[in-house]
Amino acid sequence: MSLSRDGGVIATTIFVLVLTIALITSIFLLKGISHFVIAAIEEKVDISVYFKETVSEDEIMEMKDEIYQVSEPENIQYVSKEEALEAFIKRHKEEPILMQSLEEIGVNPFLASLNIKASDPAQYEQIAQFLEGNDFEESIEKVDYYQRKPVIERIFSLTDSFKKIGIALSVLLVFFSFLVVLNTTRLAIYNLREEIQVQRLVGASNWFIRGPFLVQGVVAGVAAALITFAIFALGCWIFSPNINALFRDLNIWEYFTDNLLGIILIQLGTGIGLGVISSFITVRKYLKI
Amino acid sequence: MIRFENVSKIYLPDTVALKNISFGVEKKEFVSIVGKSGAGKTTLLKLLLASEKPSRGKIFFGGRDISEMGPEEIPEHRKRIGAVFQDYKLLDSKNAYENIVYIMEVLGKSDEEIVRDVPKVLDIVGLTERADHFPAELSAGERQRAAIARALIHRPEVILADEPTGNLDPYNTSEIIRLLLKINELGTTIILATHNKEIINSLGRRVITLDQGKLVRDEKEGRFIL
């Protein structure tokens with residue numbers, strides 16, 4: 001009814017709704033992606049115990065068995081000096097400077113190690129404590145564990161603060177878009193005041209008078225949801241390869257399509273919810289029967 | 001058919017628009033309500049339309065107390081009333097014919113009913129020739145006739161006319177009054193609020209006189225005395 005009249009106002013309403021829906025969708029996506037990244041890092045994290053040159057393979061194997069008994073980790077992999085060298089060469093064979101310096105050293109500079117993967121991240125502390133408070137301590141060159149722990153904690157705290165900021169911003173934007181929809185509806189009611197007055201006089205039902213304004217709220221909400229969906233679909237599709245290059249195994253486009261239904265529900269729910277609730281309140285307040 | 005029982009209307013904080021009003025209106029009656037500006041005529045009509053609620057007292061319309069009606073009952077109540085105003089309240093973007101059609105659409109009437117009834121009503125008010133003109137192209141008298149046609153279209157039991165001749169010259173004024181009398185003869189109750197002395201004195205019908213919110217006179221064949 002009034003949709004065609006207040007083009008500019010409706011566009012503003014939809015724009016604010018798009019911002020709000022986009023932010024809420026981002027929080028949803030961020031949650032999934034951060035779970036994924038943390039899981040990926042946790043997967044990678046293990047304790048690497050490097051042994052001094054003097055320690056024999058048998059001693060290392062003995063220690064391996066003891067660790068198994070103490071904390072039942074998921075697995076422990078023994079990497080000999082030679083295997084470590086091979087792995088290094090394999091990884092860096094395209095880099096002549098590294099290969100050259102390796103040649104110059106002349107001997108194998110790598111240490112034998114045990115790579116321990118825990119079945120539960122909490123086990124790492126326990127294993128580390130065992131390693132430090134043991135007779136073997138003297139055979140150990142270094143334990144590479146504490147360097148990775150802060151990374152996980154940083155990601156946790158980073159996503160946590162992102163989430164908090166996101167939620168605070170969303171609340172603000174929800175409030176803001178609520179006000180904008182409210183004003184749009186008020187303006188529409190004002191523009192149509194004569195028709196409304198005549199409708200009232202002849203006994204048009206409440207829903208007949210109020211309905212169009214609620215429909216306007218729904219239409220704005222649906223339009224905003226569709227626009228946001230298109231933006232996100234396009235964004236995920238375009239940037240997916242780039243992100244994939246940064247974090248291997250993290251495929252945003254796949255995550256997006258896997259959670260399609262959830263995303264659509266969140267977007268439509270936010271859009272329609274905001275549109276309907278705020279126009280309903282306006283109509284209740286300003287459209288007296 | 002209509003009965004006011006000790007009705008008072010106070011607009012906060014302390015404006016008394018109507019004070020302890022009691023009267024009744026029978027079916028097919030033609031009642032004029034007179035009084036100076038601010039005497040409470042418009043308030044009285046608003047109470048009847050249920051767009052205002054009385055502060056005290058009861059208003060019965062066909063046995064139902066209007067002041068007790070919930071929001072869902074009010075539309076049905078209003079369908080039984082036709083209202084005409086000094087400023088016509090026509091929609092400027094629609095011509096005379098469309099203004100009337102609009103009401104039928106609002107009330108959910110079928111296309112057949114619209115095609116059948118609208119020309120009839122236009123004929124009653126004498127606007128058949130001017131039906132496709134917009135309000136801005138109609139004279140004041142024609143506009144008021146269009147407004148009356150619109151008030152008639154849903155066959156109300158009562159027509160409330162609030163200063164319908166306020167903007168009209170004497171010729172158009174008597175035309176409109178003649179039209180209201182004709183509608184009354186066809187069986188519709190008319191409640192006419194006016195401060196036009198000549199109309200009242202020429203009508204020779206019942207007159208209720210309000211003064212500062214009080215009902216000061218109610219005469220069967222009243223005259224305009226203030």
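Here are some worked exercises on the predicted model shown above.

Local features need pLDDT of at least 70 and side-chain atom pairs count only at pLDDT 80 or more, while totals for chains, interfaces and linings use all residues. Residues are numbered from 1 along each chain as its sequence is written, with chains lettered from A and ligands numbered from 1 in the order in which they are written.

**Exercise 1.** Describe the make-up of chain A.

*Solution.* Start with the elements: chain A has 10 helices and 4 strands (DSSP runs, H or I of at least four residues for helices and E of at least two for strands, numbered from the N terminus). Then turn to burial: of the 289 residues in chain A, 23% are buried (20 or more other C-beta atoms within 10 Å of a residue's own, with C-beta atoms placed from the backbone).

**Exercise 2.** Work out how helix 2 and helix 5 of chain A pack.

*Solution.* First take the geometry: helix 2 (residues 57-71) and helix 5 (residues 123-132) of chain A meet at an angle of about 135 degrees, and their axes are 11 Å apart (axes are lines fitted to C-alpha atoms, for helices over the stretch in contact, and angles run from 0 to 180 degrees between N-to-C directions). Helix 2 of chain A is therefore oblique to helix 5 of chain A (under 35 degrees is roughly parallel, over 145 roughly antiparallel, 65 to 115 roughly perpendicular, and the rest oblique).

Now find the residues that touch. Helix 2 of chain A brings Ile67(A), Val70(A) and Ser71(A) against Gln123(A), Gln126(A), Ile127(A) and Phe130(A) of helix 5 of chain A (contact means C-beta atoms, placed from the backbone, within 7 Å). By type, the residues of this contact are 4 nonpolar, 3 polar and no charged (Ala, Val, Leu, Ile, Met, Phe, Trp, Tyr, Cys and Pro are nonpolar; Asp, Glu, Lys and Arg charged; the others, Gly among them, polar).

**Exercise 3.** List the contacts of Ala149(B), leaving aside its neighbours within four places in sequence.

*Solution.* Ala149(B) is in contact with Ile100(B), Val121(B), Leu122(B), Ile124(B), Val125(B) and Leu127(B).

Key: Contact = placed C-beta atoms within 7 Å. Buried ≥ 20, exposed ≤ 12 C-beta atoms within 10 Å, placed from the backbone.
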